[in-house]
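Open the model in your viewer and keep the sequence panel at hand. This tour tells you what to select, stop by stop.

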Amino acid sequence: MGRALDGVRILDFTHVQSGPTCTQLLAWLGADVIKVERPGIGDITRGQLRDVPNADSLYFTMLNANKRSITIDTKHPKGKELLEGLIKVCDVMVENFGPGVVERMGFPWERVHALNPRMVMASVKGFGPGPYEDCKVYENVAQCTGGSASTTGFDDGPPLVTAAQIGDTGTGLHLALGIVAALYQRTTTGQGQRVLAAMQDGVLNLCRVKLRDQQRLAHGPLTEYPQYPNRKFGDAVPRAGNASGGGQPGWILKCKGWETDPNAYIYFITQAPVWEKICEIIGKTAWITHPDYAKPEARLPRLTEIFDTIEKWTMTKTKFEAMDILNQYDIPCGPILSMKELAEEPSLRKTGTVVEVDHPTRGKYLTVGNPIKLSDSPTEVKRSPLLGEHTDEILRKVLGFDDTRIAEFKASGALGGTKPMAAE
């Protein structure tokens, strides 16, 4: 069985997280991803947060599955010659260098397009065109400048960043969609194009409900927020704690064992269609017809009292017991699952969402699999490459070099070391 992106070849200049997220997803979908790395060093994440001595870190392995690695000194004249050759035979070039770096390398869009008019050139940047476009951005900076931090946390505390990598990984996923769209358009135009995904833009896109609420705020208080009705609203969307971002009130509630288990909690949503069942389960049947509780609008000023009452019931059940009971009545809820619980969850292994991979220097490790499941394009998650592991293979099979030509480039120093190796 073929895969969705069979035949697509990607020249991958990305590093750290945002770009590698993009190219890994494309590799899972079948693209041939050629990762260009610095000789002897490679992607900086090979050595960051290392847990196994002399082996690539999980930071690297979990972002670079299914790729091939070639080492090229991009400042060397022969290295630039190799890059020109690869640009001519690839479909997509992806980079997430700082502002101006790719231009200083000698490969701005105009030159890339001249070398290969069908090339799609895709970039992750911190900001789009504007006053901050030359600024360097990392994950938490993107969260702070994209609207996430100002709306995350509790009203009486500071802004908070989220553990979910919405700046890096989120933007990488946006970029992958842009690349696929550009490749599809190329089937009719025959031409490549530039694709830009700015991290600020990506975070704001994921925070769209808060931009929605910013506009609603001009017409009155946000009645589903915990600040209503007893606290004041300012001129910007406030932090709302664990309140739901939608129209259905929700909150995180304690479950049995919360005193010793930091994750013995459940998220509980008081959805209007199942309100009667909620009242029956928690022993508050009088609320079904009581004017202060019967209608959603009436309940909004009383949400703190309502969730406190529901919590008295959830504290008598484990988070899984509560979920089993609530799901019988279609009451939306979800246990707070730790990373340990997710890593050990059999259903996630079965679907390929969590995958165990064997690596020649670090041994077996867990990684995320493809979150997108295609019925006719199965994903086989393969380990990340060793540094320069596929240099000879790419020179021979992609660029068509013979032994003499390969020896010439090795002798020039443009390829760095001659043996595949894990980064030290």
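What follows is a walk through a predicted model, from the whole chain to its sheets and helices.

**Stop 1: the whole chain**

Begin with everything shown. The chain has 424 residues, and 43% of them count as buried. Its secondary structure comes to 17 helices and 11 strands. Turn the model along its principal axes: the C-alpha atoms fill a box of roughly 85 × 45 × 40 Å.

Now show the surface. The accessible surface is about 21000 Å², and 55% of it belongs to carbon and sulfur atoms. Colour the charged side chains next. There are 49 positive and 50 negative ones. The centres of these two sets lie 2 Å apart.

**Stop 2: the six-stranded sheet**

Select E1 to E6. These 6 strands form an open sheet in the order E3-E2-E1-E4-E5-E6, with parallel pairing. E3 and E6 (194-198) stand at the edges. Each has a single partner strand, so one side of each is left without a neighbour in the sheet. From one strand to the next, the twist averages 20°.

**Stop 3**

Select 67-71. This is strand E3, with 5 of its 5 residues buried, so the strand is largely enclosed by the rest of the structure. Show its side chains. Lys 67, Ser 69 and Thr 71 point one way, while Arg 68 and Ile 70 point the other way. All of these are buried.

E2 runs parallel to E3, and 5 bridges join the two. Look for Lys 35: it stands opposite Ser 69 in E3.

Step on to E1, residues 9-12. E1 pairs with E2 in the parallel sense over 4 bridges. Here Asp 12 stands opposite Lys 35 in E2.

**Stop 4: E5 and its two partners**

Move along the sheet to 120-125, which is strand E5. Is E5 mostly covered or mostly open? The strand is mostly covered, with 6 of its 6 residues buried. Check one side: Val 120, Ala 122 and Val 124 are buried there.

E4 and E5 pair in the parallel sense over 4 bridges. Glu 95 has Ser 123 of E5 as its bridge partner. Val 124 stands opposite Ala 197 in E6.

**Stop 5**

Next select 199-206, helix H8. H8 lies across E5 and E6, at about 65° to E6.

Return to H7 and pick Thr 189, which is found in that helix. Is Thr 189 buried or partly exposed? With a relative accessibility of 41%, Thr 189 counts as partly exposed. Now draw a distance from the C-alpha atom of Thr 189 to that of Thr 289. The two residues are 100 residues apart along the chain, and their C-alpha atoms are separated by 63 Å.

**Stop 6: helix H1**

Select 18-28. Helix H1 is mostly covered, with 11 of its 11 residues buried. Click along the helix from Ser 18 to Trp 28; among the buried residues are Gly 19, Pro 20, Cys 22 and Leu 25. Show the backbone just after H1. There Gly 30 takes a positive phi of about 115°.

**Stop 7: the three-stranded sheet**

Finish with E7, E8 and E9. These 3 strands form an open sheet in the order E7-E8-E9, with antiparallel pairing. Which strands stand at the edges? They are E7 (250-254) and E9 (333-335). Each has a single partner strand, so one side of each is left without a neighbour in the sheet. Neighbouring strands are turned by 20° against each other on average, direction ignored.

Zoom in on E7 and E8 (265-269). They run antiparallel, joined by 5 bridges. End at Gly 250, which stands opposite Ile 269 in E8.

Conventions:
Residues numbered from 1 in each chain as written. Predicted model: local features only at pLDDT ≥ 70, side-chain atom pairs only at ≥ 80, totals over all residues. Heavy atoms only, no water. Buried < 20%, exposed > 50% of the residue type's maximum accessible area, 1.4 Å probe, protein only. Pairing = 2+ DSSP bridges. Axes fitted to C-alpha atoms, helices over the stretch in contact; angles between N-to-C directions. Areas by Shrake-Rupley, 256 points an atom, 1.4 Å probe, with all protein chains shown as cover. Lys, Arg positive; Asp, Glu negative; His and termini not counted. Charge placed at Lys NZ, Arg CZ, Asp CG, Glu CD. Contact = heavy atoms within 4.5 Å.
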